[in-house]
Amino acid sequence: MHLLKIILFVIGITFCLFGYLILFKKQYSLINDFKVRKKAGSQKDTDAIRVGQVELILGVGFLVLFVLLMIFT
């Protein structure tokens, strides 16, 4: 059970960090080939913002699960 808590915490922090960097700091280079696809016209900044939001929400979800496991186990 301790291993699950550690894994949830690390994944949650990682997703939150990447989501924050993409969404608020506009570091689109963290998304694979985003600049190339943006130049080609197949992706826009809104796609990168959506990726950042999804990663941030997943990170918060994993951290909530971690907190719930800490409380109830």
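Okay, let's start with two helices: α1, residues 2–23, packs against α3 at an angle of about 155°, and their axes are 7 Å apart. Keep in mind that this is a predicted model. How are α1 and α3 arranged relative to each other, parallel or antiparallel? Angles over 145 degrees count as roughly antiparallel, so that's what we call α1 and α3 here. And if you look at how α1 passes α3, the crossing is left-handed.

Now let's follow α3 itself. This helix covers residues 45–72, and Phe72 belongs to it. Is Phe72 buried or exposed? Phe72 is exposed, because its relative accessible area is 67%, and the cut-off for exposed is over 50%.

Next, the loop. Between α1 and α2, which is 34–40, there's a loop, and that's where you find Lys26. Asp33 lies in that loop between α1 and α2 too. What's worth a look here is the backbone. Most residues other than glycine have a negative phi. Lys26, though, isn't a glycine and has a positive phi of about 55°. Asp33 isn't a glycine either, and its phi is also positive, near 55°.

One last thing on Lys26: how accessible is it? Its relative accessibility is 46%, so Lys26 counts as partly exposed.

How values were computed
Residues numbered from 1 in each chain as written. Predicted model: local features only at pLDDT ≥ 70, side-chain atom pairs only at ≥ 80, totals over all residues. Heavy atoms only, no water. Helix = DSSP H or I, 4+ residues; strand = E, 2+ residues; numbered from the N terminus. Buried < 20%, exposed > 50% of the residue type's maximum accessible area, 1.4 Å probe, protein only. Axes fitted to C-alpha atoms, helices over the stretch in contact; angles between N-to-C directions. Parallel < 35°, antiparallel > 145°, perpendicular 65-115°, else oblique. Left-handed = near helix turned anticlockwise from the far one by under 90°.
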